[in-house]
Amino acid sequence: MLIPFLVRISVKDIKAKTVSNAIHPVLLCAAIFLNGISPFERLIGGFLSAFPSYIYSHKTGRMGMGDVKLMFSFGWCSGLWNIPAVIFAWIISYFTTFKGKNKPIPYAPYLCGTFALSLFLPYFI
């Protein structure tokens with residue numbers, strides 16, 4: 001049930017280049033049912049995902065606040081397993097603006113894809 005929701009977030013970001021504020025409460029409430037991560041680990045995962053992304057967004061202007069809030073919500077849902085999603089988003093941001101291309105791109109599809117993988121990653125390790 002979560003995968004179609006992630007696809008919807010991605011499609012909306014591709015079409016409108018916005019991430020709705022209505023999805024964050026849904027993700028925060030859905031985290032209760034996802035896995036057995038402690039609230040403390042969820043909080044650490046959320047802040048480790050969002051705070052560096054906020055600093056990066058503020059300094060470079062390459063990432064919107066909707067993406068930063070999405071990273072916090074994903075970090076809250078998957079705890080520390082969300083850190084690869086954050087690193088991947090920074091790599092995408094770097095390479096999309098590396099050759100003078102300063103056009104905004106939708107990050108939500110990349111974030112949703114890596115978040116979906118981070119939910120299943122603990123089962124494979």
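Modeller: Start at Ser73. Beyond its neighbours within four places in sequence, Ser73 is in contact with His24, Leu27 and Leu28; contact means heavy atoms within 4.5 Å. This is a predicted model, so local features need pLDDT of at least 70 and side-chain atom pairs pLDDT 80 or more, while totals for chains, interfaces and linings use all residues. Residues are numbered from 1 along each chain as its sequence is written, and side-chain values use heavy atoms, with hydrogens and water left out.

Ser73 sits in helix 4. Helices are DSSP runs of H or I with at least four residues, strands are E runs of at least two, and both are numbered from the N terminus. Ser73 counts as buried because its relative accessible area is 2%. The cut-offs are under 20% for buried, over 50% for exposed and in between for partly exposed, with a 1.4 Å probe and protein chains only.

Stay in helix 4 and look at Val68. Val68 is buried too, at 5% relative accessibility. Set aside residues within four places in sequence, and Val68 is in contact with Ala50, Ser53, Tyr54, Ser57 and Met63. Pro52 is 16 residues from Val68 along the chain, and their C-alpha atoms are 9.1 Å apart.

Now the core. A nonpolar core is a set of buried Ala, Val, Leu, Ile, Met, Phe, Trp, Tyr and Cys residues joined through side-chain atoms within 4.5 Å. The largest one holds 25 residues. Leu6, Ile9, Met63, Leu70, Phe74, Leu111 and Phe115 touch the most other members. Two or more residues come from each of helix 1, helix 2 (23–34), helix 3 (39–60), helix 4 (65–78), helix 5 (83–96) and helix 6. Helix 6 gives the most to this core, with six residues.

Ile9 shows how those contacts run. Not counting residues up to four places away in sequence, Ile9 touches Ile23, Leu70, Ala108 and Cys112. Next, take Ser10, in helix 1 (residues 2–16). Ser10 is buried, because its relative accessible area is 11%. Cys112 itself is buried, at 3% relative accessible area.

What about the cysteines? The whole structure has zero disulfides, a disulfide being a pair of cysteine sulfur atoms within 2.5 Å. Cys77 is in none, and the nearest cysteine sulfur, that of Cys29, is 9.7 Å away. Cys77 is buried, with a relative accessible area of 0%.

Ile3, Val7, Val11, Phe120 and Tyr123 make a nonpolar patch of about 490 Å². Helix 1 and helix 6 (108–124) each give the patch two or more residues. The largest share, three residues, comes from helix 1. Patch residues have over 30% relative accessible area and no salt bridge; like charges are joined within 9 Å, nonpolar side chains (Val, Leu, Ile, Met, Phe, Trp, Tyr) within 5 Å. A salt bridge is a side-chain nitrogen of Lys or Arg within 4 Å of a carboxyl oxygen of Asp or Glu. Val7, in helix 1, is partly exposed because its relative accessibility is 47%.

Two loops deserve a look. Lys17 lies in the loop between helix 1 and helix 2. Lys17 is not a glycine, although its phi is positive, at about 55°. Lys17 is partly exposed, at 46% relative accessible area. Gly36 is in the loop between helix 2 and helix 3. Gly36 is exposed, with a relative accessible area of 84%. Between Gly36 and Ser78 there are 42 places in sequence and 9.5 Å in space, C-alpha to C-alpha.

Last, the whole chain. The chain has six helices and zero strands, in the order α-α-α-α-α-α. Of its 125 residues, 38% count as buried. Among contacts between residues at least 6 apart in sequence, 75% join residues at least 24 apart. The accessible surface is about 7,400 Å², and 74% of that belongs to carbon and sulfur atoms. Areas come from the Shrake-Rupley method with a 1.4 Å probe, and for residues only the protein chains shown count as cover.
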